[in-house]
Amino acid sequence: MNAKDIENKIRQGLPQAEVQVEDTRGDGRHFTAVVVCAAFAGKTRIEQHQMVYRTLGDSVGNAVHALQLVTRATAEG
């Protein structure tokens, strides 16, 4: 799995989201994702992260060894 695959999966699950994913070690297994989405409004960070993890299904922990998430609602600074 590569950064573009992860971006596409997140966008499929959260179509209104702005998503940027980077392969932080260049090994195809450690990634950082920034996800900005209006659907995150009123949700805790944990709930936001759970929403992102759901879009990736079984990929996290298998093809993706580590995923550092930065999430926020669209209106947040």
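Thr24 lies in the loop between strand 1 and strand 2 of this predicted model, where helices (H or I, at least four residues) and strands (E, at least two) are DSSP runs numbered from the N terminus. At 40% relative accessibility, Thr24 counts as partly exposed; buried means under 20% relative accessible area, exposed over 50%, and partly exposed in between, with a 1.4 Å probe and protein chains only. Leaving aside neighbours within four places in sequence, Thr24 is in contact (heavy atoms within 4.5 Å) with His30, Phe31 and Thr32. Thr24 and Ala66 are 42 residues apart in sequence, and their C-alpha atoms are 9.8 Å apart in space.

Residues are numbered from 1 along each chain as its sequence is written, and side-chain values use heavy atoms, with hydrogens and water left out. Because the model is predicted, local features need pLDDT of at least 70 and side-chain atom pairs count only at pLDDT 80 or more, whereas totals for chains, interfaces and linings use all residues.

Three strands form an open sheet in the order 1-2-3, with mixed pairing; two strands pair if DSSP finds at least two bridges between them. Strand 1 and strand 3 stand at the edges, each with a single partner strand, so one side of each is left without a neighbour in the sheet. Neighbouring strands of this sheet are turned by 15 degrees against each other on average, direction ignored. Strand 2 and strand 3 run parallel and are joined by seven bridges. Val34 has Val70 in strand 3 as its bridge partner.

Both helices pack on this sheet. Helix 1 touches strand 1 and strand 2, and its direction makes about 155 degrees with that of strand 1. Helix 2 touches strand 2 and strand 3, and its direction makes about 125 degrees with that of strand 3. For these angles, axes are lines fitted to C-alpha atoms, for helices over the stretch in contact, and values run from 0 to 180 degrees between N-to-C directions.

What lies inside? The largest nonpolar core has 19 residues, and those with the most contacts inside it are Ile10, Leu14, Val21, Val35 and Phe40. Such a core is a set of buried Ala, Val, Leu, Ile, Met, Phe, Trp, Tyr and Cys residues joined through side-chain atoms within 4.5 Å. Val21, for example, touches Ala3, Ile6, Glu7, Ile10, Phe31, Thr32 and Ala33, not counting residues up to four places away in sequence.

Glu7 also takes part in charged pairing. The count comes to two salt bridges, each being a side-chain nitrogen of Lys or Arg within 4 Å of a carboxyl oxygen of Asp or Glu. Glu7 forms one with Lys4, the closest N and O atoms being 3.4 Å apart, and meets Arg11 in another at 3.2 Å, N to O. Glu7 and Arg11 are four residues apart in helix 1, so about one helical turn separates them. Glu7 counts as buried, at 10% relative accessibility, whereas Arg11 is partly exposed, with a relative accessible area of 31%.
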